[in-house]
Amino acid sequence: MEVKINRDIRNYTESMFFGLSLRQFVFALLAVGVAIGLYFGLRPYLGTETVSWLCIVGAAPFAAMGFVSYHGMTAEQFLWAWLRSELLEPKQIRFEPVNLYYELAKGGAGYDEKSRKNPKAG
């Protein structure tokens with residue numbers, strides 16, 4: 001009997017149904033439900049090939065949400081973070097360049113800001 005152990009124990013997820021975690025299993029069922037609903041809803045109006053492609057396109061986002069993780073966040077956590085940063089709490093970032101050499105020369109050498117002359121030189 002062989003037991004598989006992840007190299008990094010922090011990435012461990014318990015598989016409950018058919019080798020999937022509970023989260024993956026629920027989203028897989030949701031994807032299957034969406035595909036079945038699209039199939040029976042669109043079959044009278046469209047051809048079989050078109051309906052099959054629409055089922056794939058309609059179910060893919062739900063299936064992906066169960067398996068995708070980005071920077072340690074689940075898909076819905078990532079979507080919520082994106083919505084907050086882009087729509088709910090957008091920040092306007094202004095770029096104001098600073099000439100470090102001018103600032104150092106202005107303060108250190110005693111330059112006069114208005115005339116741009118060195119008062120020490122004469």
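Predicted model: local features only at pLDDT ≥ 70, side-chain atom pairs only at ≥ 80, totals over all residues.

Colleague: OK. So where does Phe 40 fall, buried or exposed?

Modeller: Phe 40 has 51% relative accessibility, so it counts as exposed, the cut-off being over 50%.

Colleague: And Tyr 39?

Modeller: Tyr 39 comes out at 31%, so it is partly exposed.

Colleague: How many aromatic pairs are there?

Modeller: The count is 1 aromatic pair. Tyr 39 and Phe 40 form it, edge-to-face. Their ring centres are 5.2 Å apart, with 75 degrees between the planes.

Colleague: Let's back up. What is the secondary structure of the chain?

Modeller: The protein chain has 4 helices and 2 strands. Starting at the N terminus, the order is α-α-β-β-α-α.

Colleague: How much of the chain is buried?

Modeller: Of its 122 residues, 11% count as buried. The chain exposes about 10,900 Å², and carbon and sulfur atoms supply 62% of that area.

Colleague: Which residues make up the largest nonpolar core?

Modeller: That core has 5 residues: Ala 31, Ala 35, Val 51, Cys 55 and Ala 59. Two elements each give two or more residues to the core, α1 (22-42) and α2 (48-67). The largest share, 3 residues, comes from α2.

Colleague: What does Ala 59 touch?

Modeller: Leaving out residues up to four places away in sequence, Ala 59 touches Ala 31, Val 34 and Ala 35.

Colleague: Switching to charges. How many salt bridges does the structure hold?

Modeller: There are 2 salt bridges. In one, the side chains of Glu 76 and Arg 23 meet at 2.7 Å, N to O. Glu 76 sits in helix α3 (residues 75-88) and Arg 23 in helix α1, so this pair ties together parts that are 53 residues apart in sequence.

Colleague: Are those two buried, exposed or partly exposed?

Modeller: Glu 76 is partly exposed, at 34% relative accessible area. Arg 23 is partly exposed too, at 24%.

Colleague: What about Glu 96 and Arg 94?

Modeller: Their side chains meet in a salt bridge at 3.1 Å, N to O. Both Glu 96 and Arg 94 are exposed.

Colleague: Last one. What share of the contacts comes from residues 24 or more positions apart?

Modeller: Counting contacts with a separation of 6 or more, such residues account for 36% in the protein chain.

Methods:
Residues numbered from 1 in each chain as written. Heavy atoms only, no water. Phe/Tyr/Trp six-rings, centres within 6.5 Å; stacked < 30°, edge-to-face > 60°. Buried < 20%, exposed > 50% of the residue type's maximum accessible area, 1.4 Å probe, protein only. Core = buried A, V, L, I, M, F, W, Y, C linked by side-chain atoms within 4.5 Å. Contact = heavy atoms within 4.5 Å. Areas by Shrake-Rupley, 256 points an atom, 1.4 Å probe, with all protein chains shown as cover. Salt bridge = Lys/Arg side-chain N within 4 Å of Asp/Glu carboxyl O.
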